[in-house]
Structures are given as C-alpha cells and as structure tokens.
Amino acid sequence: MQWISGLFTAVQSNFVFATKVRLQILRVRFIQTLRSTFSCRRSASGNPVPLRRAQMASVTAVKHNVPRLFSACRIITLLSSVLVALGSGTNYIFSAYAPQLGARLHISHTQLNIVGLAGNAGVSVSGPIWGRIVDFRGPQIPLVGAFVFSLVGYAGMKRMYDEGTDSGTSISSAHFLLLMVCSLLTGLGAHAGVVAAVNTTARSFPESARATTTGLVLSGFGLSAFFFSTIARILFPGDTSALLLLLSLATSIPMLVALFTMRPVPLPQTYPALKDDVNGEYELLPSEVEPSTAGPDVDTVGVAGDSCVPLADIQPENGLSSTSQMGYNHGHLEADNLPDVHGKMLWSTPDFYLLCVILSLLGGTGVMYINNVGLISLALFAEANPDYEEEEASKLQAAQVSTLSVGNFVGRILIGLISDFTRSKFNLPRAYSLCIVSSLFIISQAFAIGISNVGTLWMATAFLGFAYGSLFGALPAITIDWFGLAHLSENLGYLSLAPLIGGNIFSIIFGRNIDAHTPHEDTNTSRGVTRATITAGGDVLRDALSERRCFAGQECYVSSLKITLMACMVALILSTWAARRDKHRQKARKG
C-alpha cells in the first residue's frame with residue numbers, strides 16, 4: 001500500500017501547486033488594478049516614472065512558482081498521459097477478434113474490413129474537431145468524450161456478438177450499420193484520449209525534450225494492443241465476448257482518472273525583463289511577447305500595459321523574453337522561431353499536401369496490415385491445418401497482435417530519441433526521419449510477400465509495427481517544426497485524415513482479394529465442418545467457419561501486398577524530397 005500512499009501524496013501536491021498558482025494570479029491581477037495610480041508613464045521629457053517595487057516582487061514570486069523540469073507535477077502529467085494513451089490504442093487489437101466477429105455474425109471479409117475502417121474513420125475524421133477543442137478548451141472535454149464513446153462502442157459490439165444471428169444467415173443491413181456505428185464510436189473515443197494526452201505533454205515539456213516525451217506517450221498508444229491481447233490470451237483464451245468486455249472497461253476508466261491528474265504544467269521559458277533604473281527603481285521593458293501559445297488550462301496574467309504573458313512562458317532565470325532576443329518576425333513566427341500556420345493558411349501550404357500524401361501511402365499501408373494481420377495468420381495456418389481448433393487460431397492471432405503492438409511501442413520511443421539526437425547533434429531537420437520510416441515500411445512489405453509460413457510471419461509484423469509506430473511517433477514533432485505549436489492538435493487532426501484515404505483504398509482491395517479466394521459453399525470435407533464454440537455463459541454456438549475462411553495460404557492476400565509495396569516506394573521518394581525541402585527552409589531561417 002506504500003505506493004498508493006506515495007501516488008496520493010504526489011496527486012495532492014499537484015493540486016496544491018495549482019491552488020498556489022491561482023492565488024498568485026489573483027495577487028498579480030490585484031497589483032494590476034493599482035496601475036492606474038502607480039503605473040509606469042512617460043513624462044514630457046520622455047523619462048519613465050518609477051514603477052513600484054511591489055510589481056517586481058509579484059513578478060519574481062510568479063517566476064519562482066514555476067515547477068522544475070522534472071518536478072512531481074510534470075511526472076504525474078506524463079504518467080497520466082501514458083495511461084490515457086494506453087487505453088486509447090485499442091483499435092490496433094481489432095484483428096485479434098475480427099475473424100471471430102465476422103464468423104459469429106456471418107459477414108464477408110470485405111464487410112469486416114468496412115467495420116474496421118469505421119473505427120479508423122472515427123480516429124481520422126474526429127481529429128480536427130478534437131484538436132480544435134483541446135487547443136482552445138483544454139483536455140477535459142475530450143477526456144469525457146473518450147470515456148463515453150469507448151464505453152458505449154465496445155459494449156455495443158459485445159452485445160451484438162453475444163446475440164449473434166440466426167443459424168446460417170448474415171446480419172441485417174440495420175444491424176450491420178449499428179455495428180459500424182459502434183466501431184466508429186471506439187475510434188472517436190480513442191482519438192479524443194490520445195489527442196488530449198499528446199497536447200498536454202507537448203505543452204508541459206520544452207522543445208529539447210518534446211519529441212522524446214510525446215514519443216513516450218504515443219508508445220503507450222502503440223503498446224495498448226499488446227497489453228490487452230496478452231491479458232486476453234492468458235485469462236480467457238478464445239473468449240471474444242470477455243475480450244470485448246475488457247476493452248469496454250479498460251478504455252473508459254483511465255479517462256476518468258486522467259480528469260483529475262492530467263493537466264498542462266507551466267514551462268520555464270520566458271518572461272518580460274525588468275530593468276534597473278538609474279534611481280534604483282524598476283522599469284518594465286517594452287513588451288514584445290506575442291499572444292499566448294499555451295493551452296487553455298495555463299492561465300495568463302497581465303503585468304505590463306495591455307500585454308498578457310502566459311504562465312507557461314515564465315522562466316526562472318533572469319533574461320529577456322525569447323522574442324526580444326531573437327527579434328520579432330512578423331512572418332507568422334512564434335517564440336522559439338517556430339512558424340504559426342493553421343486554418344486557411346494550412347490548406348494553402350504545399351508542405352501540408354506533401355505530408356498528407358506521405359501519410360496516406362504509409363499510414364494506409366499500416367492500417368490495411370493492422371486490420372488484417374489476423375486474417376493473414378489464419379490463412380497461412382489454415383492452409384497447413386485445415387482442421388484447426390478455434391482456440392489455437394485465436395492464440396496465433398493474439399500473438400501477431402502482440403508482436404505488432406510491441407513493434408509499435410518501440411518505434412514510437414526510438415524515433416523520438418533518434419529525431420532529437422540527429423537534430424541536436426547533426427543539425428538535421430526532423431523530416432529526415434520520414435526516410436527511415438519509409439524504408440522500414442518497404443522492408444515490412446517485402447518480408448510479408450516472401451513469407452509463406454505462419455511461424456515466420458512475426459518478422460513482417462514486427463517491422464510493420466515498428467514502422468507504423470515510428471511514423472506517428474515522429475509526426476507531432478515534424479508538425480511543430482513545419483506548422484508551429486500554437487495549433488498543434490488542430491493541425492494533427494487534419495493530417496490524421498490522410499491515412500484514412502490510403503487505408504480505405506488498400507483495405508477494400510485486401511478484402512476483395514481474400515473474398516475472391518474464399519469458398520462460399522459449404523461442403524462435407526474437413527474444410528466444411530462446422531464447429532461448436534462455448535461462450536462464457538455456457539451456450540453452444542454453431543459457426544459455419546468454412547464459409548468465412550480462405551485456405552489458399554499466401555495466394556489469399558499477396559496481390560494486395562504488392563500494391564502497398566509500390567506505394568511505400570513512392571512514399572520514400574516523397575520523404576526524401578520533403579527532407580531536402582525542410583533542410584533548405586532551415587537554412588533560409590538561419591540566413
């Protein structure tokens with residue numbers, strides 16, 4: 001129980017800190033009301049009237065209240081963000097229960113891919129909406145949405161699975177539409193949670209550690225499938241209903257916890273300097289601080305004139321504001337020399353479309369493989385074992401999902417470290433990481449095409465997971481470098497639409513390909529035997545599995561992988577071009 005006590009103490013200190021900051025805000029605002037009497041005004045000769053020491057004392061007090069870089073507040077926020085991300089990545093586990101869901105409801109592989117794409121659509125389409133909300137209103141609303149949507153979505157899918165259909169008949173169009181809606185809700189909830197987590201982390205850590213910390217949060221998102229599939233494989237192997245129940249609870253409860261523990265922490269950055277006057281009094285330097293890029297949960301306080309300085313821009317050391325040091329550039333640059341591109345300007349930027357095409361090709365390849373790796377492993381296994389047991393097949397699917405998830409987790413962490421290292425050590429733009437990611441995708445597809453044994457499929461799955469995790473682990477930092485931090489979540493939301501395009505195209509191609517090799521008539525052979533499965537309640541269910549299985553092995557899907565291999569090669573060419581453009585842009589800014 002000692003760790004519970006320690007956690008409670010840390011959370012309590014977080015709330016105490018927030019209360020102190022609020023009180024300090026009230027104090028500074030009170031000082032501001034006194035400016036009408038003691039303000040710094042210039043006389044006819046141009047010399048400033050002395051400013052009261054009370055204001056400087058207030059400024060100093062606020063500066064000292066900013067938490068250290070690795071304070072308990074930041075660590076709690078980071079851990080909470082990882083927990084939320086862990087509960088938000090369950091879309092990657094779809095292939096662990098998709099074959100059983102399809103067989104239980106008697107739907108084709110193409111329809112099954114459409115259900116999976118509904119979840120991906122929930123992630124992609126909601127991106128701009130959740131992004132704008134979290135940029136302007138903070139993480140609370142997305143966290144509540146994530147709780148509701150995830151709980152309702154997975155609970156609805158579980159009920160439809162438990163009820164099943166009449167023997168030998170497919171579900172009605174209305175029920176299929178409802179199944180798509182449930183899948184859509186899981187995607188909406190997943191993206192709401194991860195957007196809130198990434199945005200809060202990006203605003204709580206400085207630029208030097210931003211890619212690493214956001215990569216760590218996103219690694220929790222990638223590790224989610226491994227975590228839940230491992231629990232399912234150990235506690236209730238082959239029980240799809242229990243897995244769906246676990247997902248409905250484990251994806252919603254962390255969102256409630258994060259409502260109390262996850263909040264942006266002020267950054268030790270900049271604050272307008274106070275200059276010692278010749279008479280021993282103090283004068284505020286002309287404020288060159290621009291509008292706040294901090295989140296809505298980071299309060300702003302007025303201290304000089306009409307300018308507002310966010311608590312997220314307070315720096316514990318003495319010095320001028322970063323904007324006064326670098327010189328204010330009116331060409332849409334933020335502090336730290338970052339651009340500020342959003343809204344209509346974003347949609348008129350060529351770099352935005354270049355990044356969208358790369359994401360569509362690479363992300364679409366990842367979506368197709370992730371949604372269908374269970375079917376791929378099943379096709380290879382069924383070719384050599386026509387009379388396989390359903391529980392054994394479920395374990396193989398779960399193993400592929402776990403391998404994919406671990407690769408996803410490692411990729412999201414390593415790409416952040418690589419990106420930060422190459423930027424600080426070799427001064428290379430983070431866009432160069434896209435070349436690494438594209439190469440990993442090419443390797444994964446080449447492996448998948450050449451593998452004909454389910455025992456070695458893990459190599460292709462690991463490479464694909466690593467590449468997919470690297471892609472989305474590098475994306476937040478690249479988005480900040482290209483378009484700025486002020487509208488990070490909104491811009492990421494628009495970019496998240498891109499994989500939906502490629503994912504739809506590639507997944508439909510895959511579904512039609514595997515349906516073309518799937519027998520549709522039941523026979524009396526061993527491949528046409530119906531099997532009985534036992535649910536948690538003890539009911540015996542008859543699934544005509546042979547009608548929903550492809551026994552041709554590699555032939556079931558290899559044509560689809562050849563298409564995605566060509567798409568990844570095109571993405572590598574575009575990534576190289578994007579990296580060179582970013583290098584020239586970096587030189588132009590310095591020049």
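Predicted model: local features only at pLDDT ≥ 70, side-chain atom pairs only at ≥ 80, totals over all residues.
Biologist: Thanks! How many helices and strands does the protein have?
Modeller: There are 21 helices and six strands. Both are DSSP runs numbered from the N terminus: helices are H or I with at least four residues, strands are E with at least two.

Biologist: And how much of the protein is buried?
Modeller: Of the 591 residues, 57% are buried. Buried means under 20% relative accessible area, exposed over 50%, and partly exposed in between, using a 1.4 Å probe and protein chains only.

Biologist: Let's look at packing. At what angle do H17 and H18 pack?
Modeller: Helix H17 (residues 433–450) and H18 pack at about 160 degrees, with axes 8 Å apart. Axes are lines fitted to C-alpha atoms, for helices over the stretch in contact, and angles run from 0 to 180 degrees between N-to-C directions. The two helices are therefore roughly antiparallel; under 35 degrees counts as roughly parallel, over 145 as roughly antiparallel, 65 to 115 as roughly perpendicular and the rest as oblique.

Biologist: Which residues make that contact?
Modeller: Among them are Leu440, Phe441 and Phe447 of H17, and Phe463, Phe466 and Leu471 of H18. Contact means heavy atoms within 4.5 Å.

Biologist: How does H15 cross H18?
Modeller: The axes of H15 (residues 350–384) and H18 (residues 457–483) come within 10 Å and cross at roughly 155 degrees. That makes H15 roughly antiparallel to H18.

Biologist: New topic: how many aromatic pairs turn up?
Modeller: The whole structure has 10 aromatic pairs. In Phe352 and Tyr353, the ring centres are 5.3 Å apart and the planes are at 75 degrees, so this pair is edge-to-face. Rings of Phe, Tyr and Trp (its six-membered ring) pair if their centres lie within 6.5 Å; planes under 30 degrees apart count as stacked, over 60 as edge-to-face and the rest as tilted.

Biologist: Are those two residues buried or partly exposed?
Modeller: Phe352 is buried, at 1% relative accessible area, while Tyr353 is partly exposed at 42%. Ring pairs also link both of them with Trp347 and Tyr494 in a cluster.

Biologist: Nice. What does Arg585 touch?
Modeller: Leaving aside residues up to four places away in sequence, Arg585 touches Asp351 and Trp482. The C-alpha atoms of Arg585 and Trp482 are 9.5 Å apart, although the residues are 103 apart along the chain. Arg585 lies in helix H21 and counts as buried, at 19% relative accessibility.

Biologist: Where does Ser560 lie, then?
Modeller: Ser560 is in H21 (residues 558–590). Ser560 is buried at 1% relative accessibility, and its contacts beyond four places in sequence are Met368, Ile509, Phe510 and Asn513.

Biologist: Last one: what is the phi of His106?
Modeller: Phi of His106 is near 55 degrees, a positive value in a residue other than glycine. Most residues other than glycine have a negative phi. His106 lies in the loop between H5 (94–105) and H6 (109–125), and counts as buried at 4% relative accessibility.

How values were computed: Residues numbered from 1 in each chain as written. Heavy atoms only, no water.
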